[in-house]
Amino acid sequence: MKARISLEIPNYDIFDFHRHVSIMEEFEKNITKFNIKRFCLMPSMLEDDFNDLEAYIEKTTPYIQKYGERAIIFGFIDFSLNADQNKELLTEQKKKINIRGIKIHPEQAFNINRKSLDPFFRAIADILGYIPIYIHMDWPLLEENGYAPQGKKKTFNRIVSFFPEFNFIMGHAGGSGDYLNVWKSCKKYPNVYIETSMAPVTSTLSEVVWNVGTEKLLFGSNYPYCGTSVEIVKILNMYKVSEKEKRAILESNWEGLFLP
Amino acid sequence: MIIYNDEEYELWDAHSHFSTLISKRLKFVLKYLSTYETMDILFNNWKENKKIAKERLERNVKFYITVLDYYHIDKSIHLPVFKLDRKLSYRMNQLVPERIFGFSNLNPRSKKLDEDLHELVEKKFPGIKLHPDFMKFTFKKYQRELEKILDFCSEHKIIALSHTGSHSELTNIIPVLKKCEAAVFIMGHSGLCPQIDQALQVARECPNSYMEMSGNPYTYKFMEAIKDPDIGIERILFGTDIPSLNPRVELEKIFALDVSVEEKRLIFSENLKTLMETILKKKF
């Protein structure tokens with residue numbers, strides 16, 4: 001028997017929590033095609049954004065000019081600098097591109113203990129307040145580790161436990177190596193949200209809805225690296241999740257993090 | 001067979017699983033290996049479903065077919081989850097050889113590697129599954145054994161498919177594939193996120209390697225592979241990784257590619273069909 005399938009994206013005003021800059025024309029086509037009304041722009045490790053603030057400001061500025069309030073820019077800190085230097089870095093990003101969140105990438109190589117992380121988080125709070133912190137979740141895969149390093153979620157949870165004042169977003173729903181039971185992080189820490197791009201399975205996303213609540217899931221496309229339609233289909237095909245809940249994931253859950 | 005935008009596509013799945021351990025009592029463990037939807041397909045009418053066949057292996061073959069039918073998959077490669085599941089693969093090859101290509105599994109660390117290889121021929125398995133993570137080997141450390149296995153596979157027309165992406169430097173398979181150039185090697189998941197660049201490198205350097213797409217979210221990397229004159233669309237295969245992944249999402253990954261309908265058909269079915277026809281020396 002043949003099955004007729006189609007990608008019928010409901011007429012939702014989508015909020016995309018995870019995008020990167022691209023060729024502007026392509027970017028515009030993409031957000032128009034998928035009715036993406038607002039979005040977060042994140043620095044990319046693949047594009048070396050974390051190491052070149054000037055270039056990052058230069059590439060995000062046209063998006064702020066074109067999209068205004070529709071674009072929410074995430075910035076970064078530099079773990080090789082001290083707290084005062086990071087305050088300057090953050091002030092610069094606030095002034096020039098109005099960053100409203102921070103992305104942390106494991107390849108930035110930082111120590112995972114409260115004492116060494118505290119000055120960086122204090123710098124963020126001092127300059128920007130308790131803004132959302134997004135943590136990318138594919139920890140570096142190294143041959144010298146023998147096998148895929150386990151416990152990425154454990155590491156994420158540790159960082160979260162140090163700073164309960166901040167809201168944290170688990171990028172890529174745990175990543176390809178540690179995606180099971182992500183709902184437990186949300187259950188244990190009320191300040192944890194899950195971003196859905198690149199989530200390898202849909203079951204773990206459904207579990208978040210069933211066990212914790214829809215409001216914990218934030219739709220992300222990871223454009224231009226992943227297919228936007230693929231990431232939307234992922235949400236639309238979540239099992240035993242109502243249309244209303246799917247709509248909230250695609251449309252409005254972000255409000256809890258950015259609106260008063 | 002599915003219809004998408006009025007175009008028909010046959011589905012040949014290069015990566016799927018089932019297990020003889022399917023049982024309602026084990027549902028609490030199976031949820032880590034299977035989507036809830038697939039479990040519900042089987043368990044919601046468990047008592048009735050169990051009557052589908054008396055013999056356990058035959059019943060599991062039929063359960064697996066129920067899942068394939070549900071997702072409109074025409075033909076599939078079945079990869080054993082656990083060692084004991086090679087019996088299930090064997091039974092599949094006996095019962096439904098026109099639809100299912102049941103692979104065996106092989107551990108390069110096996111102390112009776114020669115016996116294991118001999119069994120492949122004896123039981124006419126068309127392929128083997130390697131899993132560096134579960135089987136605790138790396139392509140580098142077990143290079144000699146892998147060469148032996150792939151030489152044997154090429155001699156006896158057996159496909160090798162390996163899980164990739166979670167550990168073991170994937171590029172370390174390159175010298176093995178160059179040495180065993182007649183062997184067919186499928187990179188399951190194409191290196192997932194962490195090793196996609198390595199998978200591309202393997203594909204570029206080794207024309208006997210194939211990239212299977214299940215679980216890999218990087219659309220742009222597959223476009224890179226398709227446009228690369230040293231790889232090309234003919235070496236990219238559709239896979240669902242059922243029951244672990246959601247087939248609807250895996251389908252969309254191909255629909256999202258900026259290629260023609262004919263090229264999508266290559267990925268969905270024609271590439272694997274060509275491969276299986278060559279290996280099995282028969283027409284499908």
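Me: Leaving aside its neighbours within four places in sequence, which residues is Leu237(B) in contact with?

Reply: Two residues are in contact if their C-beta atoms, placed from the backbone, lie within 7 Å. By that rule, Leu237(B) touches Ala14(B), Ile186(B), Tyr210(B), Met211(B), Glu212(B), Met213(B), Ile267(B), Asn271(B) and Leu272(B). Before we continue, please note that this is a predicted model, in which local features need pLDDT of at least 70, side-chain atom pairs count only at pLDDT 80 or more, and totals for chains, interfaces and linings use all residues. Residues are numbered from 1 along each chain as its sequence is written, while chains are lettered from A and ligands numbered from 1 in the order in which they are written.

Me: Which residues have the most contacts inside the largest nonpolar core?

Reply: A nonpolar core is a set of buried Ala, Val, Leu, Ile, Met, Phe, Trp, Tyr and Cys residues joined through C-beta atoms within 7 Å. A residue is buried if 20 or more other C-beta atoms lie within 10 Å of its own, exposed if 12 or fewer, and partly exposed in between. The largest core here has 153 residues, and Met170(A), Ala160(B) and Leu237(B) have the most contacts inside it. Helix 13 (residues 261-280) of chain B gives the largest share of this core, six residues.

Me: Is Ala125(A) buried, exposed or partly exposed?

Reply: With 14 other C-beta atoms within 10 Å, Ala125(A) is partly exposed. Its place is in helix 4 (residues 114-128) of chain A; helices (H or I, at least four residues) and strands (E, at least two) are DSSP runs, numbered from the N terminus.

Me: How do strands pair, and which strands form the open sheet?

Reply: Strands of a sheet pair through backbone hydrogen bonds, either parallel or antiparallel. Two strands count as paired if DSSP finds at least two bridges between them. In this model, three strands form an open sheet in the order 1(A)-1(B)-2(B), with mixed pairing. Its edge strands are strand 1 of chain A and strand 2 (7-9) of chain B, each pairing on one side only. Strand 1 of chain A and strand 1 (residues 2-4) of chain B are parallel, with three bridges, and Arg4(A) has Ile3(B) as its bridge partner. Strands 1 and 2 of chain B are antiparallel, again with three bridges, and there Ile3(B) is partnered by Glu8(B).

Me: Why is strand 3 of chain B described as largely enclosed?

Reply: Strand 3 (residues 12-18) of chain B is largely enclosed by the rest of the structure because seven of its seven residues are buried. Five bridges join strand 3 of chain B to strand 4 (residues 75-80) of chain B, and the two run parallel. One of the bridge pairs is Phe18(B) with Pro80(B).

Me: At what angle do helix 4 and helix 5 of chain B pack?

Reply: Two packed helices are described by the angle between their axes and the distance between the axes. Helix 4 (residues 56-70) and helix 5 (residues 86-95) of chain B pack at about 75°, with their axes 9 Å apart. Helix 4 of chain B is therefore roughly perpendicular to helix 5 of chain B; angles under 35 degrees count as roughly parallel, over 145 as roughly antiparallel, 65 to 115 as roughly perpendicular and the rest as oblique.

Note on methods:
Axes fitted to C-alpha atoms, helices over the stretch in contact; angles between N-to-C directions.
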